[in-house]
Amino acid sequence: MTDTDATLSDALGRISTAPDVDTLRSIEREFVGKDGVVASMLAAIPTLPPADRKGAGQSANQLKQAVLTALAEREVALGNAALDAERKGDGFDASLPPPRLERGTLHPVVQVTRELEDLFTSMGYMVLDGPEVELDEYNFEKLNIPADHPARDTQDTFYCNAPGSKATLLLRTHTSPVQVRAMEHLQPPFRAVVPGKVFRQETTDASHEHTFHQMEGIVIDRNVSVGHLIGAMKTLLRGIFKKDIEVRLRPGYFPFVEPGFELDARCPFCEKGCSVCKQSTWIELLPCGLVHPNVLKAGGLDPEEWGGFAFGLGLSRLVMLRYGIDDVRHLLGGDLRFLEQF
Ligand code: FA5
């Protein structure tokens with residue numbers, strides 16, 4: 001065995017039993033480092049007889065390559081062994097799939113609101129917003145509901161007056177106040193929808209919440225008739241239920257529309273009656289009507305020149321219909337098991 005062979009087998013032996021990476025680094029320094037064995041073999045070459053120099057250079061380089069390869073292999077083996085030990089130790093298994101990423105989804109009310117906004121904007125409507133803490137003046141008075149009007153009883157109200165404030169503040173009981181706000185700010189003709197949260201001091205049950213969502217619609221133009229209203233409602237229902245739906249109007253009383261209607265839609269889920277339509281084949285869907293002249297005046301418009309129609313879609317009820325939800329209180333109940341289904 002040559003000296004180089006003996007050096008190589010010494011290096012390989014120690015590398016194969018090195019217990020850790022620190023030991024490998026010190027063997028590396030000893031053999032292939034700046035002042036290591038290979039460096040001194042190379043430094044000695046000029047002192048050798050010329051005939052031996054080439055062979056000595058080759059031996060030194062082969063030694064260097066063999067040591068470096070063995071060091072790299074041992075380092076990988078040590079890494080794998082450490083991972084195995086870790087796996088066995090605390091149950092960690094790097095080959096298992098990662099935990100499922102929890103992804104949020106839009107609330108069902110937001111999903112339906114966005115769908116309706118797209119539908120209405122495609123028909124030339126604007127999407128408007130209005131204050132949730134509203135003045136009595138807009139929630140009631142300008143809508144033709146004076147202080148002692150019995151219609152106030154149908155919308156039990158949360159009042160929230162600031163001490164000392166002269167104006168009466170309340171949580172809006174419907175999205176209709178935005179009808180007048182829109183008339184005050186926009187130049188007619190215009191069409192707008194107003195999705196939003198409304199509040200009523202209700203005793204809650206499966207179809208009544210104290211906080212729920214409505215979508216108001218308002219169209220102001222010249223020569224608006226009940227025919228326009230019915231046409232718009234049919235388009236709305238086709239957009240929601242993806243098919244033509246028969247509708248019927250029953251008289252309905254709201255002080256801010258004249259005439260006022262309750263619009264019923266033929267049940268989209270059955271032909272002969274089901275639990276959704278309570279066996280009647282009709283679903284009570286939305287109140288609507290032609291804007292009352294007093295409301296036009298309150299909004300600064302001349303009722304001789306301008307007219308319009310308005311509707312108040314019960315968004316929460318529509319979401320229930322769409323997804324077959326049997327209790328409105330699920331919607332804002334905050335139970336993640338319910339919300340995760342959407
Ligand atoms: C109104 O709020 C009128 N502003 C609607 C309107 C607009 C009429 C424009 C005419 C012209 P009503 O109180 O009926 O009307 O409420 C409208 C809809 O809101 C109802 O049809 C129902 O779907 C929904 N709704 C009413 N109360 C509750 C409640 N407590 N919980 C859930 N949804 C409700």
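How many nonpolar, polar and charged residues does the lining of the second largest pocket have?

Reply: This is a predicted model. By class, four nonpolar, three polar and four charged residues make up the lining of the second largest pocket. That lining consists of Arg100, Glu102, Arg103, Gly104, Thr105, Leu106, His107, Pro108, Leu336, Leu339 and Glu340. The second largest pocket holds about 230 Å³ of space.

The largest pocket has about 1400 Å³ of space. It is lined by 48 residues, and those closest to its centre are Ser207, His208, Glu284, Leu285 and Arg317. Two or more lining residues come from each of β5, β7 (257-266), β8, β9 and α10 (315-323). The element that gives the most is β8, with seven residues. By class, the lining of the largest pocket divides into 24 nonpolar, 15 polar and nine charged residues.

Around the ligand are 22 residues, of which His174, Ser176, Arg200, Glu202 and Glu209 are the closest. This shell divides into eight nonpolar, nine polar and five charged residues. At least two shell residues are supplied by each of β5 (211-221), β8 (282-291) and β9 (307-314). The largest share of the shell, four residues, is from β9, whereas β8 gives the most to the lining of the pocket.

Some polar atom pairs can be listed for the ligand. Arg200 places a polar side-chain atom 2.9 Å from a ligand oxygen atom. An N or O atom in the side chain of Arg317 is 3.4 Å from an oxygen atom of the ligand. With Glu209 the backbone is involved: one of its backbone N or O atoms lies 3.0 Å from a nitrogen atom of the ligand. The ligand taken alone exposes 680 Å², and the protein buries 92% of that area.

Glu209 also belongs to the lining of the largest cavity, together with Thr211, Phe212, His213, Ser316, Val328, Leu331 and Leu332. A search of the whole structure gives one cavity of 30 Å³ or more, and the volume of the largest cavity is about 40 Å³. With three residues, β5 gives the most to the lining of the largest cavity. That lining is made up of four nonpolar, three polar and one charged residue.

Notes
Residues numbered from 1 in each chain as written. Predicted model: local features only at pLDDT ≥ 70, side-chain atom pairs only at ≥ 80, totals over all residues. Heavy atoms only, no water. Near = heavy atom within 4 Å. Polar contact = N/O pair within 3.5 Å; in protein donor to acceptor, adjacent residues only side chain to side chain. Areas by Shrake-Rupley, 256 points an atom, 1.4 Å probe, with all protein chains shown as cover. Nonpolar A, V, L, I, M, F, W, Y, C, P; charged D, E, K, R; others polar. 1 Å grid on protein atoms, 1.4 Å probe; cavity = no way out; pocket = protein on both sides within 12 Å on 5 of 7 lines; lining within 4 Å. Points joined across faces, edges and corners; volume = space filled by probe spheres on them.
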